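The sequence and structure come first.

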Amino acid sequence: MINIHEVIETNKMIEQENLDVRTITLGINLLDCAGSDLSEVNQRIYNKITTVAKNLVAAGNKIQREFGIPIVNKRIAVTPISVIGASCCKTIEDYVTIAETLDRAAHEVGVNFIGGYSALVNKAMTASDELLIRSVPKALSRTNRVCSSVNVGSTKTGIDMNAVKLLGEIILETAELTKEHDSIGCAKLVVFCNAPDDNPFMAGAFHGITEGDAVINVGVSGPGVVKKALESVRGADFETLCETIKRTAFKITRVGQLVALQASKLLNIPFGIVDLSLAPTPAVGDSVAEILEEIGLEYAGAPGTTAALALLNDQVKKGGVMASSFVGGLSGAFIPVSEDQGMINAVEVGALSIEKLEAMTCVCSVGLDMIAVPGDTKASTISGIIADEMAIGMINQKTTAVRIIPVIGKSVGDRVEFGGLLGHAPIMRVNEFSCEKFINRGGRIPAPIHSFKN
Amino acid sequence: MKKTVITVVGKDKVGIIAKICTYLANNSINILDISQTIIQDFFNMMMIVDTSKAPKTFDEIAEELDQIGSEIGVVIKAQREEIFNKMHRI
């Protein structure tokens, strides 16, 4: 039987070290809502989401009460809307009506974000994909809960550089349309390479078209727990360090698996995956950068950071994979700047630059995330940053992403406040040398040689 | 059997266990295991109980225990046992 020390250890993780389940994300297939009449499609989408997700929030709250573990977010991911809207959306405004429908449905069922205002254009854009991408600035400026993502490349297909070019312009336009709120629209837009179909984390969650009708995916978190565990092995060698991370990741993930199975049972919806992630929040003691510091760096960004992050990411996976029957999503350490107090500090003291962050994304689960840059950054420069990150994903057969926020009216030295889980951030310096001729070439970058495995 | 873990944390004083046990007995909740320890001057107690014969729902029991806790100045939490089993047993 469980003993008092084990009970105290678990409750200490929850009460003092910010262990929580970051999100229960309900994936909903909307393929059966498609049609040629826009208002009918909107009605079907609304009805389906509000029916399938009716009990999501209540189920999350019940699990939270019974197990005593906070379930921070309840969210929804839907089939990429460019597929659903292809036969009924003829204009940008048509697409925006679907975004507004998603927003209303999310509000009705009480979730704080709904993801899937997305297009998958790994190889090329259809007319419908392009229309959806062009509608993103309006869609994000007129809604509160809708999140958008665009997959512009994969190891199998290469990178669609036309989409990369377009997205540089779209990100700037989104920033402009939401400039009254520090360009917050861009915090809800992610550009991916190798996007997973089952990612439960926002803003990049969507319900892949290879998924079933509805699925429960869970994202756990607990950087504070790992940090605390590492405090007890200060100065020990790498073997001890890695074992400690692995054991802690196992415990954290087991909670995620339990919550996922309970949610699946309560909602009568199949369990998909647990995403084994260390996802920070702006709260002190809930930071991935603080783990890197505990490993032995003065600040995140110091020499050694990439190696420290690589071992952290790998041990989290090794510990987590045995704790869950299905793992998926992004799985690894997240390194968003504005959502992690340790990262913010590192940028403010000058330890961390975009270039170092780019190197770090080669060895962890995501990419350049929640980075605020000057509002006068050129569209082609943003496209260049995206292209670099996509190339890392394509060549290394991993997911990479860019969520960058050119904050209109602000420049290096200023700060920006997004509020809530999105946090606050210093504006980071961007390399201003031009890449315009490179971006303007058009076309696509071919898939790498190691994609031909058949 | 529906096992629930009840934890009590707070400053030690006379009658904490008596008060909680009376509540449990009145609600047909059977105590399976009980242990206590002092950590950094704080009284820590854990009980594993079986709530399968209790007429009340989990939420009602948790809320009433929380209420008793506030009356006697300690924090009482009820959690389903699975979270601890999952985390500490393979």
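In this predicted model, A:Gly367 counts as buried because 34 other C-beta atoms lie within 10 Å, where 20 or more are needed. Setting aside residues up to four places away in sequence, A:Gly367 touches A:Thr361, A:Glu389, A:Thr400, A:Ala401 and A:Val402. A separation of 29 Å lies between the C-alpha atoms of A:Gly367 and A:Ala263, which are 104 residues apart along the chain.

The largest nonpolar core has 178 residues. Which of its residues touch the most other members? They are A:Ile76, A:Val152, A:Leu167, A:Ile216, A:Val259 and A:Ile404. H9(A) gives the largest share of this core, 11 residues. For A:Ile404, the contacts beyond its neighbours within four places in sequence are A:Ile171, A:Cys186, A:Leu368, A:Ile371, A:Val373, A:Ile382 and A:Ile385.

Where the two chains meet, 18 residues of chain A are in contact with 22 residues of chain B. On the chain A side, the elements that give two or more residues are helix H1 (4-16), helix H3 (56-67) and helix H9 (238-267). H1(A) supplies the largest share of that side, with six residues. By class, the side of chain A that touches chain B comprises nine nonpolar, four polar and five charged residues.

Chain B has three helices and four strands. Read from the N terminus, its elements follow the order β-α-β-β-α-β-α. The radius of gyration of chain B is 13 Å, close to the 12 Å from the globule rule for 90 residues, so chain B is as compact as a globular protein of that length. Further values for chain B are tabulated below.

| Property of chain B | Value |
|---|---|
| Box filled by the C-alpha atoms, along the principal axes | roughly 35 × 35 × 20 Å |
| Buried residues, of the 90 residues | 32% |
| Contacts from residues 24 or more positions apart, among contacts with a separation of 6 or more | 66% |

How much of chain B is buried? Buried residues account for 32% of its 90 residues. Among the contacts in chain B with a separation of 6 or more, 66% join residues 24 or more positions apart.

How values were computed
Residues are numbered from 1 along each chain as its sequence is written. Chains are lettered from A and ligands numbered from 1 in the order in which they are written. This is a predicted model: local features need pLDDT of at least 70, side-chain atom pairs count only at pLDDT 80 or more; totals for chains, interfaces and linings use all residues. Two residues are in contact if their C-beta atoms, placed from the backbone, lie within 7 Å. Ala, Val, Leu, Ile, Met, Phe, Trp, Tyr, Cys and Pro count as nonpolar, Asp, Glu, Lys and Arg as charged, and the others, Gly among them, as polar. The radius of gyration is taken over C-alpha atoms; the globule rule is 2.2 Å times the number of residues to the power 0.38. A residue is buried if 20 or more other C-beta atoms lie within 10 Å of its own, exposed if 12 or fewer, and partly exposed in between; C-beta atoms are placed from the backbone. A nonpolar core is a set of buried Ala, Val, Leu, Ile, Met, Phe, Trp, Tyr and Cys residues joined through C-beta atoms within 7 Å.
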